[in-house]
Amino acid sequence: MSRTSQLLMEMYEAMVARFGRLDWWPGDSPLEIAVGAILAQNTNWRNVEKALANLFDADCMSITALYEMPQEQLAELIRPAGYYNVKTKRLKNFIAAVYDSFGDDLEGFLDRSVSTLQEELLAVNGIGRETADSMILYAAKKTTFVVDTYTFRVLYRHLIIGPEDDYESVKELMESSLPADADLFNDYHGQLVTIGKKYCKKTAKCTGCPLESFEHDPLAGIEQ
DNA sequence: GACCAGGCACATC
DNA sequence: GATGTGCATGGT
């Protein structure tokens, strides 16, 4: 086991000891999770929840309903999530990609290999690497590691990665250092987000953080 | 009132 | 290939 593998597992155990297993992405159905992944782009989750609630209230949480809904109506429903015009287009692009090949059967769409899903999702305008990986890990429940702003911040703060690292290098590091287990990847990412939100702020020291005992640079900047 | 929040595509150099 | 910018609401 490499030094990094060992360190990452020790950090994971410290986080689980504090927060418990998180079963992290809120959302009951694959569609809710996939839609949430697009709505969550650079947006506070609270605002995403309002938008999702609007979609449920409008009784339109199905591929077909979303496919048939006029853009203006969809935009109004997801308005609380911000960027509502671009996100309407992105949602429509995603829904169309599913509908055109699998109709209303999102589960069928998702029940394919990780590489196939990555290829098809990344081909959708508006779905980038994080959104695609979030859908694959949390909606399709397949083994791929999701890298987000908190992943960068926490790993950078703890000197696991450096300023030269990018999405692919961090993803590769995590996937090669951890056991290939979708449940572990799911929970690990959830733990990193929880740590990031609660303790790993831009400037403040991380007092009380369960990772406090691990080597870290309290003054390290956040972004890659 | 500034700053931040679970990105992405596109323009420009 | 790297860097900059628009997109927008709502909480702290």
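Is Asn186 buried or exposed, and how many other C-beta atoms lie within 10 Å? I looked, and Asn186 is buried, because 21 other C-beta atoms sit within 10 Å. My cut-offs: buried means 20 or more other C-beta atoms within 10 Å of the residue's own, exposed means 12 or fewer, and partly exposed is in between, with C-beta atoms placed from the backbone.

Before going on, I noted that this is a predicted model, where local features need pLDDT of at least 70, side-chain atom pairs count only at pLDDT 80 or more, and totals for chains, interfaces and linings use all residues. Residues are numbered from 1 along each chain as its sequence is written, while chains are lettered from A and ligands numbered from 1 in the order in which they are written.

**Asn186.** I found Asn186 in helix H12. Helices (H or I, at least four residues) and strands (E, at least two) are DSSP runs, numbered from the N terminus. Leaving aside neighbours within four places in sequence, Asn186 is in contact with Trp24, Leu137 and Tyr138; contact means C-beta atoms, placed from the backbone, within 7 Å. I also checked Gly103: Asn186 and Gly103 are 83 residues apart in sequence and 28 Å apart in space, C-alpha to C-alpha.

**Helix H10.** I saw that H10 is largely enclosed by the rest of the structure, because 7 of its 9 residues are buried. Among them are Phe152, Val154 and Leu155. The cover over the buried residues of H10 includes helix H11 (167-177) and H12. After H10 comes Leu159, with a positive phi near 65°.

**The core.** Next I looked up the largest nonpolar core, which has 56 residues; Leu39, Ala51 and Met135 touch the most other members. Such a core is a set of buried Ala, Val, Leu, Ile, Met, Phe, Trp, Tyr and Cys residues joined through C-beta atoms within 7 Å. Helix H2 (residues 30-39) gives the most to this core, 7 residues. Beyond four places in sequence, the contacts of Leu39 include Val48, Ala51 and Ile78.

**DNA strands.** Around DNA strand B I got 25 residues, the closest being Gln41, Asn42, Gly128, Thr131 and Thr149. A residue is near a strand if its C-beta atom, placed from the backbone, lies within 6 Å of it. Helix H9 gives the largest share of this surface, 4 residues. Around DNA strand C I noted residues including Asn42, Arg46 and Tyr84, and there H6 has the largest share, 3 residues.

How values were computed: Contact = placed C-beta atoms within 7 Å.
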